[in-house]
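Here are some friendly notes to read beside the model. Take the points in order, and keep the 3D view open as you go.

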Amino acid sequence: MPPTHVLVPLDGSPLADEALTHALDTFDCPVTVLNVVTPLDSSMSEGGIVGSDESRREAALERANELVAAAERRTAETDRTLETAVEPGDPAETILAYVDDHDVDHVVMGGHGGSRSELVSRLLGTVATKVVSEAPVTVTVVR
């Protein structure tokens with residue numbers, strides 16, 4: 001059964017861009033792009049190393065808005081509509097919560113190299129690994 005709502009997490013990477021292309025080319029249903037702004041005091045952000053301040057928060061939010069705006073511009077060329085969202089939080093947890101809260105039935109995301117300690121993490125990336133293992137819906141990882 002084809003999906004009725006696809007979520008594409010965007011992080012500015014080439015693989016995330018490829019995931020969006022794949023979703024738009026493959027599925028004829030609403031597509032939502034989500035950018036997760038990681039809190040600067042998180043271990044997954046630079047704030048965990050160099051400390052946080054309001055100007056960095058604003059810059060992170062501005063970058064997130066630029067990413068989703070670029071996705072909207074790119075999608076406008078395809079005659080498709082695109083829903084967008086920018087959410088704060090841990091990337092994997094926020095993606096999983098978005099799936100649960102917005103009737104998403106398929107996730108298409110880029111895979112990234114992750115921790116060298118585990119083979120699966122190296123192949124998919126830590127965020128993709130968590131989403132694949134915990135999402136209640138089908139997840140396609142673009143590599």
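1. **A word to start with.** A residue counts as buried when its relative accessible area is under 20%, and as exposed when that value is over 50%. With that cut-off in hand, look at strand 2 (residues 31-37): seven of its seven residues are buried, so this strand is mostly covered. Please keep in mind that you are looking at a predicted model.

2. **The overall plan.** How many helices and strands does the chain have? There are six helices and five strands. The chain has 143 residues, and 43% of them count as buried. Among contacts with a separation of 6 or more, 68% are between residues 24 or more positions apart.

3. The five strands make an open sheet with parallel pairing, and their order in it is 3-2-1-4-5. Which strands stand at the edges? They are strand 3 (82-88) and strand 5 (138-142); each has a single partner strand, so one side of each is left without a neighbour in the sheet. On average, neighbouring strands are turned by 25° against each other, direction ignored.

4. **Strand 2 and its partners.** On one side, strand 2 runs parallel to strand 3, and seven bridges join the two.

5. **Two faces, both covered.** In a regular strand the side chains alternate between the two faces of the sheet. You can follow this in strand 2: V31, V33, N35 and V37 lie on one side, T32, L34 and V36 lie on the other, and all are buried. Strand 1 (6-9) gives a second example, with V6 and V8 pointing one way, L7 and P9 the other way, and all of them buried.

6. Which residue of strand 4 is the bridge partner of L7? That partner is V107.

7. **Helices on the sheet.** Helix 4 (residues 91-101) lies across strand 1, strand 2, strand 3 and strand 4 (106-110), and runs at about 145° to strand 2. Helix 6 (residues 126-134) packs on the sheet too, where it touches strand 4 and strand 5; its direction makes about 165° with that of strand 4.

8. **Helix against helix.** Helix 4 and helix 6 also pack on each other, at an angle of about 35° and with their axes 9 Å apart. The crossing is right-handed. On the helix 4 side you will find P91, A92, E93, I95 and L96, which meet V127, K130, V131 and E134 in helix 6. Sorted by class, this contact has six nonpolar, no polar and three charged residues.

9. **A threonine to look for.** Is T75 buried or exposed? T75 sits in helix 3 (residues 54-76), and it is buried because its relative accessible area is 0%. Leaving aside residues up to four places away in sequence, T75 touches L20, L24, R80, T81 and L82.

10. **Two aspartates in loops.** Most residues other than glycine have a negative phi. D79 has a positive one, near 65°, and lies in the loop between helix 3 and strand 3. At 76% relative accessibility, D79 counts as exposed. D103 also has a positive phi, near 55°, and its place is the loop between helix 4 and strand 4. D103 counts as exposed as well, at 65% relative accessibility.

Terms used. Residues numbered from 1 in each chain as written. Predicted model: local features only at pLDDT ≥ 70, side-chain atom pairs only at ≥ 80, totals over all residues. Heavy atoms only, no water. Pairing = 2+ DSSP bridges. Helix = DSSP H or I, 4+ residues; strand = E, 2+ residues; numbered from the N terminus. Axes fitted to C-alpha atoms, helices over the stretch in contact; angles between N-to-C directions. Contact = heavy atoms within 4.5 Å. Left-handed = near helix turned anticlockwise from the far one by under 90°. Nonpolar A, V, L, I, M, F, W, Y, C, P; charged D, E, K, R; others polar. Buried < 20%, exposed > 50% of the residue type's maximum accessible area, 1.4 Å probe, protein only.
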